[in-house]
Amino acid sequence: MEFPTMYKRAISLFFFMHVLLLHHATTLNLVVHAQKHCDFPTIINLGDSNSDTGGYAAAFTPLTSPYGETYFHMPARRFSDGRLIIDFIDSVGTNFSHGINFATASSTIRLPNRIIPNGGFSPFYLDLQYSQLEQFKSRSQMIRERGGLLASIMPKGEYFPKALYTFDIGQNNLAEGFFENLTIQQVNASVPDMVNKFSANVKNIYRLGARSFWIHNTGPIGCLPYVLTAFSSAEKDSAGCLKPHNEVAQYFNLKLKEAVAQLRNEYPSAAFTYVDIYSVKYSLFAEPQKHGFELPLVTCCGYGGHYNYSAEVLCSGTITVNGTNIFVGSCDRPSVRVVWDGIHYTEAANKFVFDKISTGSFSDP
C-alpha cells in the first residue's frame, strides 16, 4: 500500500510529536546473555500497545480515566492502570540522550488490511517504525551539529551502536487473522511470513549499527477476554484459555525463536536475546493464587458478560442501561488482577512479568 502525500506528512508530524512526548530510559542493567550483565547508555523500543508509552495518544485519541490511575493518578498514555513492562527497566532519564520509543498501540509486523481511522489497526506497522528510527538517527545528529537547546537532548551518535534495541510485537497480527474470520489453519499459515518480515526489519536495524537485541515473544492471546468473548465456543484448556488460539501464539513463538537463532548465525558480532514472555504471562492464568492474583480471566476495567468485557463499551466508556448512564471504571483492587481492560495487563501483572524476565531465567541465551 502506497500512502498519499498528505498521509506521509501526517506520519512526519506524528514522528515529531512522538519525539517530543516519549522518554523513559537511562543506563540500564539487563541480562542479555545468561549470567552476564551489560550496561547500555540508551534503550530504543519498537512494538505495540504492550510497550506503547504515548505513540497512539500522540497520533490518535488520548486515553482517559481510569487509565493510569494506579501509579500516575491520571491518564499517562499507556494502555494500563499504571506502568508497562518497559517502565520497570530502571528509569530516571527524561530526555532522548537516554532513549526513545517507537511503539504504538494496535501496531502490527506486516501492513494490516484495515487501518485507523477506518477501523482496524495502526498505520505505524513495523516497517514504518524502522523508518522513524532511521530518520531519528539521522536528524538527531543534524540537530546536535547545529547546536542550541534541542541539541542537548539528542543522543550522541556513539549511543546508537551501544543501545539496547527492544521489541514486543506480533499479537495484533494474530488478532487480525482471528477477527477477519480466518481459520486457525489459515492464521498459522501466515505466521512464517510475519516472522520473515520481523527478521527483515531486525536486519535493517543491524545495518544502522545496532548490536544488542532484546526480543519478546508474544503472550497467550487465548487468555485475554477480548478473544475469549469473541470465540467463546472454542476449546478451552485447564486454565480456561482458548486452546487453539494459544497454540497459534505458540507456533508464532516457535518460528520467532528459530528466526532469532538464524539471526545469531548471520550476525555473530551481535547479541540476540529471545525472551519467553508467553510462559511468564501464562503462569498468571494457570496459577494466579500462587502469584498473589485472583480472577485472572475477568477484566478489571470492563462491563458485562462472563469476563466483564464487551466490545460494545470499553474501559472509560459509558453505557446506558435502563435509562441510566453507567461509567465503565476500574475494579476495586487492580493490584491483584491480571487483565486491565480486556486486552492489556494491569501494572501488577506487568511488574510480575518484568521481575521474572529480568533475571534471565526466561531468556535464550
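**Note on helices, cores, spaces and salt bridges**

1. Lys 351 has a relative accessibility of 34%, so the residue counts as partly exposed. Its partner is Asp 355, and the two side chains meet in a salt bridge at 2.8 Å, N to O. Asp 355 is also partly exposed, with a relative accessible area of 34%. Both residues sit in helix α10, four residues apart, about one turn of the helix. An α-helix has 3.6 residues a turn, so residues three or four places apart point the same way. Note that this is a predicted model.

2. The rest of α10 is another matter. Eight of its eleven residues are buried, so the helix is largely enclosed by the rest of the structure. The buried set is Glu 347, Ala 348, Ala 349, Asn 350, Phe 352, Val 353, Phe 354 and Ile 357.

3. Lys 255 and Glu 258 form a salt bridge, 3.0 Å from N to O. They are three residues apart in helix α8, about one turn. Lys 255 is partly exposed at 24% relative accessible area. Glu 258 is partly exposed too, at 40%.

4. Arg 333 counts as partly exposed at 46% relative accessibility. Glu 294 is partly exposed at 31%.

5. How many salt bridges does the whole structure hold? The search finds eleven. Among the residues involved, Arg 110, Asp 193 and Lys 197 are joined into one network by salt bridges that share partners.

6. Helix α9 (residues 277–286) is covered as well. Eight of its ten residues are buried, so the rest of the structure largely encloses it. They are Ile 277, Tyr 278, Val 280, Lys 281, Tyr 282, Ser 283, Leu 284 and Phe 285. These buried residues pack against β6, α8, β7 (271–275) and α10.

7. In α5, eight of nine residues are buried. Just after the helix, Asn 181 has a positive phi of about 65°.

8. On the interior: in soluble globular proteins, nonpolar side chains tend to be buried together. Here the largest nonpolar core has 81 residues, and Tyr 165, Leu 174 and Phe 213 touch the most other members. Helix α6 (residues 184–207) is the top contributor to this core, with eight residues. Leaving out residues up to four places away in sequence, Tyr 165 touches Ile 44, Leu 133, Phe 160, Ile 205, Ala 210, Ser 212, Phe 213 and Trp 214. A second, separate core has eleven residues, including Leu 63, Cys 301, Cys 315 and Cys 331.

9. Which open space is worth a look? The largest pocket holds about 850 Å³. Its lining has 30 residues, and Ser 106, Gly 120, Tyr 309, Leu 314 and Ile 343 lie nearest its centre. Two elements give two or more residues to this lining: α5 (171–179) and α7 (225–230). The largest share, four residues, comes from α5. By class, the lining is 17 nonpolar, nine polar and four charged.

10. Four cavities of 30 Å³ or more turn up in the whole structure. The elements giving two or more residues are β3 (43–47), β5 (164–168), β6 (212–216) and α10 (347–357). Seven lining residues are nonpolar, five polar and one charged.

11. The second largest cavity contains about 50 Å³. It is lined by Ser 49, Asn 50, Phe 79, Leu 84, Lys 281, His 344, Tyr 345 and Asn 350. That makes three nonpolar, four polar and one charged. Two of these names have come up already: Lys 281 is among the buried residues of α9, and Asn 350 is among those of α10.

Methods. Residues are numbered from 1 along each chain as its sequence is written. This is a predicted model: local features need pLDDT of at least 70, side-chain atom pairs count only at pLDDT 80 or more; totals for chains, interfaces and linings use all residues. Side-chain values use heavy atoms; hydrogens and water are left out. On a 1 Å grid over the protein atoms alone, a cavity is a set of points where a 1.4 Å probe fits but cannot get out, and a pocket is an open set with protein on both sides within 12 Å along at least five of seven lines; lining residues have an atom within 4 Å of a point. Grid points are joined across faces, edges and corners, and a volume is the space filled by probe spheres set on the points. Ala, Val, Leu, Ile, Met, Phe, Trp, Tyr, Cys and Pro count as nonpolar, Asp, Glu, Lys and Arg as charged, and the others, Gly among them, as polar. A nonpolar core is a set of buried Ala, Val, Leu, Ile, Met, Phe, Trp, Tyr and Cys residues joined through side-chain atoms within 4.5 Å. Buried means under 20% relative accessible area, exposed over 50%, partly exposed in between (1.4 Å probe, protein chains only). Contact means heavy atoms within 4.5 Å. A salt bridge is a side-chain nitrogen of Lys or Arg within 4 Å of a carboxyl oxygen of Asp or Glu.
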